[in-house]
Structure formats: structure tokens, C-alpha cells
Amino acid sequence: MVVVALLAVEASTNPGRLRLPRSLRRGLRAGWQLLAQWHLAVVAAGLVLLVMWPYIQPYAWTAPLTIAMGLLLGQSRAAQGGHPRQRGGRSVMILAAAAFLFWTLTQAAWQWGDPDARTHAREVVSWTGVVVYSTERLTFPTQSVAEEDFNTGWRHRYRYTGLRLLLERGGRYLVVPMNWDAGKDPIYVVLEDANTWIGLTPGEQAPV
């Protein structure tokens, strides 16, 4: 995103390189010069959006994006009035713009990913099922996870069902109950070792 923005800043100062009609190139140049000259107003608009952050959800990411674009506009030749630009000052502005663009990216990714995560969380019963056999009693919410005790004589005395697999990495299983609420309920970590055996089963399919 940063690279694209920088290329746009440089390309706009020399639109003759673009294969566009001459009238369109002149219009782009005039529009760019006007926008660049008002780059401080663009930054100010971004700051206003930051102040209004709670009120512009779910589009709050436009605030850092507007500030970044204003900072980049200020580094164009049109904004500098043809005067030579100091490299040190320009580097600082570009780094600041890059920081705001990164902020934009993280906010946009969160905004777009949050609905998907919530939708996925509502479909817990369709996730891969987990059955845990353990030599010792484990702590799970008894109202949603069934515990069976086979009594003495069995190596893995306890069996737990009603769990769903969230993630597995290197023998660590992150599991949740089928009625898991992503907003408030904990995630349980089960380690597979000599005292714990873990089996996987298909999740429940929603009726067609």
C-alpha cells in the first residue's frame, strides 16, 4: 500500500508518461496540483475523523488513511511549489505516512475479519469434534462437556465429549465446548501425552 501511494505521488507529477489522452492528462495534472496545494486540509480532515472515531464506525480506518494521503500529498512537487525538498524532512513525513497506512491496514483487516470470525464462531457444532481420554480428571464446564468415569482398572479412566477443535499445533489442542461464546468463554488447552489421548470426529452438519 505504501509503495502504491508513493508511485501515485511521483506519477502524478509527470502524467506525460501515462498513455492517456492529452486532455485527460491535463485534467489529472490540474486536479492533482489543486489537491496537493490543499494537503494540509486533507491532514486536518483526517484529524477531525480521528476525533470522531467512536461515531464513524465501522469506517474509522478512513481517518488514518486520510492523514496518510495528506502527508504523501505534501511531499509532491506540486505541494512544494517547485522548491527543492529536504531529504531528512521528506523521510520523516514518508515514515509517518507509512505508520498511518499500517494503522489503516490493521483497522480495515480487523473490521473485515471480525464479521467472518463471529459467523465462524456461531457454527461451532460443525467444527471437528474432539474426544479426550485422560488418566486424571480434567476441568471442563460440566454443563456442556460430558464426563464419563470408567472407574479403576482403566488406564485412561475419564472420557470427555462435547468438545470442538479450534486449533492444533505440536500436540497442543485448543478446544471449546459446543455452546462456546467467543465473546466471553475461555479456550481450553489440552496437551497430548502418555496420560492423555485425543481422538477427532466429524462435526455435526447443519440440515439442508
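The accessible surface of the chain comes to about 13,600 Å². Carbon and sulfur atoms account for 61% of this surface. The model is predicted. Of the chain's 208 residues, 29% count as buried.

The secondary structure consists of 6 helices and 6 strands. Read from the N terminus, the order of the elements is α-α-α-α-α-α-β-β-β-β-β-β. Contacts were also sorted by separation in sequence. Among those between residues at least 6 apart, 55% join residues at least 24 apart.

Helix α3 covers residues 39–51 and has 13 residues. From its first C-alpha to its last, α3 reaches 19 Å, close to the 18 Å expected at 1.5 Å a residue. The buried residues of α3 are H39, V42, V43 and G46. Seen down the axis of α3, these buried residues fall within an arc of 100 degrees, so they line one face of the helix. On the other side of α3, L40 and V51 are exposed.

Helix α4 covers residues 62–73 and has 12 residues. Its span from first to last C-alpha is 16 Å, close to the 16 Å expected at 1.5 Å a residue. Buried here means under 20% relative accessible area. By this cut-off, 9 of the 12 residues of α4 are buried, so the helix is largely enclosed by the rest of the structure. The buried residues are A63, P64, T66, I67, A68, G70, L71, L72 and L73.

Nonpolar cores were considered next. In soluble globular proteins, nonpolar side chains tend to be buried together. The largest nonpolar core of this model has 13 residues. Within this core, V130, V132, F140, Y160, L163, V175 and V190 touch the most other members. Four strands, listed here with their residue ranges, each give two or more residues to the core: β1 (129–134), β3 (158–169), β4 (172–177) and β5 (188–191). Strand β3 gives the most, with 4 residues.

V132 illustrates the contacts of one core member. Residues up to four places away in sequence are not counted. V132 then touches L138, Y158, R159, Y160, L163, V190, T196, W197 and I198. Of these neighbours, Y160, L163 and V190 are also among the core residues that touch the most other members.

V43 is one of the buried residues of α3. I67 and A68 are among the buried residues of α4.

Definitions and conventions. Residues numbered from 1 in each chain as written. Predicted model: local features only at pLDDT ≥ 70, side-chain atom pairs only at ≥ 80, totals over all residues. Heavy atoms only, no water. Expected span 1.5 Å × (residues − 1). Buried < 20%, exposed > 50% of the residue type's maximum accessible area, 1.4 Å probe, protein only. Arc of directions from axis to C-beta. Contact = heavy atoms within 4.5 Å. Areas by Shrake-Rupley, 256 points an atom, 1.4 Å probe, with all protein chains shown as cover. Core = buried A, V, L, I, M, F, W, Y, C linked by side-chain atoms within 4.5 Å.
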